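Dear colleague,

I am handing over the structure we spoke about, and you will find the sequence and the coordinates just below. After them I have set out what was found, grouped by region, so that you can follow the text with the model open.

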Amino acid sequence: MGEEKKVIVFALGSEEYGVEVEKVRTIERMQPMTRVPKAPEFIKGVINLRGLVIPIIDLRARFGLQEVATTDASRIIIVSAAEFEVGLIVDSANDVIDVDTDNINTPPEVVGGIKAKYLDGIARVGESRLLVLLNLEQVLNRSEIQQLERFED
Amino acid sequence: MELNQYLSMFIDESKEHLQSLNENLLNLESSPKDVSIVHNIFRSAHTLKGMSATMGFEDIASLTHEMENVLDLVRNVKIEMDPYIFDCIFKSLDALETMVEDIIQGGTGSADVAPIVTALGSIVTGEYKKAQPAAAAVAVKEPAKGIEVDEFQYSILQQSIDSGFLVFYIEVSVNENCVLKAARAYMVFDAMERMGEIVKSTPSVQDIEQEKFDRSFSLYFISKVDQATLEKEILNVSEIASAVIIAVDTESLAELSRPVTEVETARKEIAAAVAATAVTAEIVAPKVAEVAAPAAKPAAGGGAPVASRTIRVDIERLDTLMNLFSELLIDRVRLEQLASEVRRNDLTETVEHMSRVSSDLQNIVLKLRMVPVDSVFNRFPRMIRDLAKSLDKKVDLVITGAETELDRTVIDEIGDPLVHLLRNAVDHGIESISDRIAAGKPEHGTIQLRAFHSGNHVFIEIEEDGRGIYRDKVLKTALKNGLVTQEQAAKLTDLEVYNLLFASGFSTAEKISDISGRGVGLDVVKTKIQMLGGHVQVDSKPGFGSKFSVQLPLTLSIISAMLVRLGSEKYAIPLSSIVETSSIQKSQIRNIQGSKMIDYRKSVIPLVSVSSLFDVPDFNEDAEDETEIVVVRKGDKQVALMVDEFIGQQEIVLKTLGKYLTGTFAISGATILGDGQVALIIDPNALIK
């Protein structure tokens with residue numbers, strides 16, 4: 001048995017993702033946003049999080065996935081990583097699970113259209129559940145903000 | 001022991017002590033006879049030593065310990081301060097500052113302070129006085145480190161040598177971590193007295209017994225035992241690190257004792273000189289005291305330190321308080337709205353009361369962040385002293401208004417630009433002593449450093465009585481660097497010419513000395529001050545000096561702004577850059593070479609559509625016959641911004657957009673409105689090229 005790692009589970013489309021619980025500050029419901037002009041397309045705006053102004057990233061847009069309208073299940077996961085504090089819009093977020101580090105494999109080159117460098121690995125949970133672990137530092141890499149990456153599905 | 005939690009306190013307090021050491025030392029330099037200042041210095045040094053020892057910063061502790069030894073002698077009037085001692089102690093303070101800085105940077109605060117420690121040690125033993133004249137005359141022989149002997153002791157030594165006894169000069173050092181130094185010293189004395197006679201020891205036997213010595217002591221010893229046995233006997237005592245034994249003969253004895261007489265005469269001379277100055281000082285003193293009295297701070301004057309009525313608060317906690325408070329303000333606005341809808345008397349009254357309380361609270365919260373500029377100014381006297389000394393100039397720094405308060409965020413940033421301006425004033429403003437005399441000015445140049453409130457701003461002025469700025473020279477450089485055309489140059493007022501010094505192209509001038517070096521890096525100063533929302537300008541009278549005047553906002557956290565609407569979006573424009581708001585008809589808009597312009601007060605200024613610039617989805621000015629405009633300025637350039645509607649003027653709490661969104665076009669930050677929504681703050685400077 002390897003170490004246990006607590007991750008917050010969220011969904012983008014049919015895929016399930018995980019992000020380490022230490023990097024998550026809170027999970028918020030969708031709320032009105034203030035658009036930031038001239039910002040990259042995947043930055044949906046800024047919100048007032050109890051007195052702090054926090055930029056919000058649409059994770060689907062960030063990964064070049066097809067964007068969908070937000071629903072009641074949509075959530076904003078406020079994360080802090082690589083000295084940034086940002087919110088990530090996800091389709092839903094409703095689970096915290098323990099992952100055994102022994103069950104984490106390095107990601108293959110392409111998983112569901114997302115570049116491998118955004119991923120830390122793929123964890124197997126239980127018998128058939130697969131969880132994609134996000135590499136937040138890469139997702140928030142500022143040098144990439146200017147050049148939006150699009151993928152052919 | 002877990003000491004990390006005390007670290008920030010230690011750093012703050014050490015900085016304070018170092019600052020007060022610097023200040024007091026400067027005071028002492030101007031009135032060297034005032035023992036009460038020495039007491040103050042000693043107290044600070046002692047506290048610093050204790051603190052650093054507790055925290056485990058041994059190098060700081062040992063250096064302050066050496067400093068204390070010197071100060072102790074001064075305090076007890078055993079020695080008098082002289083330029084060498086001043087320089088030594090100033091150097092020690094610099095070393096201590098470097099070490100504390102190292103600790104702040106996460107280091108261990110260790111440094112090689114051996115040369116300074118040696119220098120301080122030589123002051124304690126009095127050796128440095130011998131070293132100075134001796135060095136001038138002949139290269140000092142290695143053993144000539146000797147200790148002073150009086151005539152009687154000298155004759156004993158002389159006679160002993162003559163009658164065949166062996167005379168030794170011995171330096172004994174105990175181990176660094178020796179626990180009972182005095183006991184070890186006693187054992188050494190005991191062993192030696194069995195073999196011969198000790199003529200003189202430094203420090204004195206009493207001092208050694210009371211452990212009033214650092215690690216080593218020196219003595220003259222008469223004996224019949226040979227050097228090797230002597231060494232063996234001394235080193236037999238445990239915890240003795242080394243024993244340097246030098247055999248003394250008639251010749252070297254003369255060498256060792258010669259400086260003593262010199263020192264004697266030198267002392268007499270100094271005493272005479274001091275007496276002479278004391279007389280003049282007495283005549284001048286009442287005058288000086290009169291002038292100095294109102295300016296002197298109660299704490300600085302010596303005597304018992306004033307009991308502290310303040311507490312230290314982490315700036316982050318204040319920020320949190322500020323954030324929480326702005327939320328309260330937002331809720332207040334909501335409550336006010338609700339109360340006006342519900343129309344219940346008791347509710348309205350309660351809400352009104354709450355509004356009053358919260359605006360009082362707002363004032364207090366803002367005041368908590370205010371810090372006197374003194375905390376920045378207090379490092380300048382020392383800086384000016386060193387600078388003047390190294391440039392061989394005489395400069396007086398006169399500080400006024402040090403109690404003027406500014407927001408902590410401004411205080412943190414303003415130090416560097418001021419250092420730059422002050423250096424500039426000493427380096428390039430104040431002339432050399434000979435030039436000043438030639439110009440019929442007093443030898444001492446004067447730099448006035450003033451701070452004062454005016455409206456919603458704080459002004460800081462730096463004025464010197466130096467050579468001033470010459471218009472022609474500045475213009476020549478500006479023309480050469482292409483900052484102005486010949487045509488423009490002729491039209492510029494003097495003030496405009498001087499302000500060219502701040503232009504960014506100016507500092508790259510090849511031969512800075514052409515215009516007495518003015519303009520070196522002044523563009524950086526200007527950028528920094530503008531970043532703080534302030535302005536800087538310079539005025540000068542050629543031959544009589546120049547004045548740099550810095551205008552700063554009281555606080556960075558709250559500004560007055562005009563809220564405007566663009567369709568469904570709201571934006572804030574800082575009031576400080578707004579010239580005027582008005583409205584224009586569509587027919588007034590002119591098209592000049594593809595860009596929109598309007599006539600505005602006898603000049604034609606560009607008209608900028610913010611909505612198209614920001615791609616606002618649900619608003620476009622083109623549909624309107626009449627458009628509201630906001631005229632903003634940057635320097636002397638003006639631009640009219642088209643907006644949908646004015647919402648009104650409001651005090652807003654500044655929020656950053658965070659690190660992730662740095663460099664966003666034309667947006668300098670955000671604020672939270674009464675309804676909890678975020679509104680972005682437009683940076684007009686980015687809209688004006």
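**Charges over rings, and aromatic pairs**

In chain A, Arg62(A) lies over the face of Phe42(A), at 4.9 Å from the ring centre. In chain B, it is Arg75(B) that lies over the face of Phe42(B), here at 3.7 Å from the ring centre. Please keep in mind while reading that this is a predicted model.

Phe10(A) and Tyr17(A) are both buried. Another pair is that of Phe377(B) and Phe380(B), whose ring centres are 6.0 Å apart and whose planes stand at 40 degrees, so this pair counts as tilted. Phe377(B) has a relative accessible area of 0% and is therefore buried, and Phe380(B), with a relative accessible area of 0%, is buried as well. Returning to chain A, ring pairs link Phe63(A) with Phe10(A) and Tyr17(A) into a cluster.

**The six-stranded sheet of chain A**

Chain A holds an open sheet of six strands with mixed pairing, in the order β8-β1-β2-β13-β12-β9. Its edge strands are β8 (92-100) and β9 (104-105) of chain A, each of which pairs on one side only.

Strand β12 (residues 119-125) of chain A pairs with strand β13 (residues 129-134) of chain A in the antiparallel sense, over six bridges, and within this pairing Ile122(A) stands opposite Val132(A) in β13(A). β12(A) and β13(A) form a hairpin with three residues between them, and Gly126(A), in the turn, has a positive phi of about 65 degrees. On its other pairing, β12(A) is joined to β9(A) by two bridges, and these strands run antiparallel; the bridge partner of Asn105(A) in β12(A) is Ile122(A). As to cover, five of the seven residues of β12(A) are buried, and the strand is mostly covered.

**Strand β22 of chain B**

How many of the five residues of strand β22 (residues 678-682) of chain B are buried? Five of the five are, so β22(B) is largely enclosed by the rest of the structure. In a regular strand the side chains alternate between the two faces of the sheet. In β22(B) both faces are covered, with Val678(B), Leu680(B) and Ile682(B) buried on one side and Ala679(B) and Ile681(B) buried on the other.

Leu368(B) is placed in helix α13 (residues 345-368) of chain B. With a relative accessible area of 47%, Leu368(B) falls between the cut-offs of 20% and 50% and is therefore partly exposed. Together with Leu321(B) and Ile364(B), Leu368(B) makes a nonpolar surface patch of about 260 Å².

Pro381(B) is found in helix α15 (residues 380-391) of chain B, and at 27% relative accessibility Pro381(B) also counts as partly exposed. Pro381(B) and Leu26(B) are 355 residues apart along the chain, yet their C-alpha atoms are separated by 7.8 Å.

With best regards

Methods: Residues are numbered from 1 along each chain as its sequence is written. Chains are lettered from A and ligands numbered from 1 in the order in which they are written. This is a predicted model: local features need pLDDT of at least 70, side-chain atom pairs count only at pLDDT 80 or more; totals for chains, interfaces and linings use all residues. Side-chain values use heavy atoms; hydrogens and water are left out. Patches are made of residues with over 30% relative accessible area and no salt bridge: like charges are joined within 9 Å, nonpolar side chains (Val, Leu, Ile, Met, Phe, Trp, Tyr) within 5 Å. Accessible areas come from the Shrake-Rupley method with a 1.4 Å probe; for residues, only the protein chains shown count as cover. A salt bridge is a side-chain nitrogen of Lys or Arg within 4 Å of a carboxyl oxygen of Asp or Glu. Helices (H or I, at least four residues) and strands (E, at least two) are DSSP runs, numbered from the N terminus. Buried means under 20% relative accessible area, exposed over 50%, partly exposed in between (1.4 Å probe, protein chains only). Rings of Phe, Tyr and Trp (its six-membered ring) pair if their centres lie within 6.5 Å; planes under 30 degrees apart count as stacked, over 60 as edge-to-face and the rest as tilted. A charge sits over a ring if NZ of Lys or CZ of Arg is within 6 Å of the ring centre and within 35 degrees of the ring normal. Two strands pair if DSSP finds at least two bridges between them.
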